[in-house]
Amino acid sequence: MEIKDLASILDLYYEFGKERKDRNALIQCFGIKYADFIIKNKIKPEEIIEKSTLKNTQYAKELRKGIKLANYVCLKEDFILP
């Protein structure tokens, strides 16, 4: 998986969050789900944001929060986004 793939998935999370009026939470969920991969590959949240449709936004902060939360929480099993 490359940064552009992560960015595409992040876009899906954002759109789902937009529909539910919960964008920040869904971006954090993305960070929780992909934290291990992001950390292992030393990818900066800003790099993912810049390759996504969220370019030039402050959502890297929310993504970073999700990555940090991954040490303490996990997503529900019935959470069915990629």
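1. pLDDT is the predictor's confidence in each residue, from 0 to 100. The model is predicted, with local features requiring pLDDT of at least 70 and side-chain atom pairs pLDDT 80 or more, while totals for chains, interfaces and linings use all residues. Residues are numbered from 1 along each chain as its sequence is written, and side-chain values use heavy atoms, without hydrogens and water.

2. The protein chain has an average pLDDT of 92, and 99% of the residues score at least 70. Among the elements, the highest mean pLDDT, 96, belongs to helix 4 (residues 60–69), and the lowest, 93, to helix 1 (residues 3–19). Helices here are DSSP runs (H or I, at least four residues), numbered from the N terminus.

3. Leu69, Tyr72 and Val73 make a nonpolar surface patch of about 320 Å². Such a patch joins nonpolar side chains (Val, Leu, Ile, Met, Phe, Trp, Tyr) within 5 Å, from residues with over 30% relative accessible area and no salt bridge; a salt bridge is a side-chain nitrogen of Lys or Arg within 4 Å of a carboxyl oxygen of Asp or Glu. Tyr72 lies in the segment after helix 4 and is exposed, at 70% relative accessible area. Exposed means over 50%, buried under 20%, and partly exposed in between (1.4 Å probe, protein chains only).

4. The whole structure contains 0 disulfides (pairs of cysteine sulfur atoms within 2.5 Å). Cys29 is in no disulfide, and its nearest cysteine sulfur is that of Cys74, 11 Å away. That distance is too far for a bond. Cys29 is buried at 17% relative accessibility, whereas Cys74 is exposed at 70%.

Notes: Helices (H or I, at least four residues) and strands (E, at least two) are DSSP runs, numbered from the N terminus. Patches are made of residues with over 30% relative accessible area and no salt bridge: like charges are joined within 9 Å, nonpolar side chains (Val, Leu, Ile, Met, Phe, Trp, Tyr) within 5 Å. Accessible areas come from the Shrake-Rupley method with a 1.4 Å probe; for residues, only the protein chains shown count as cover.
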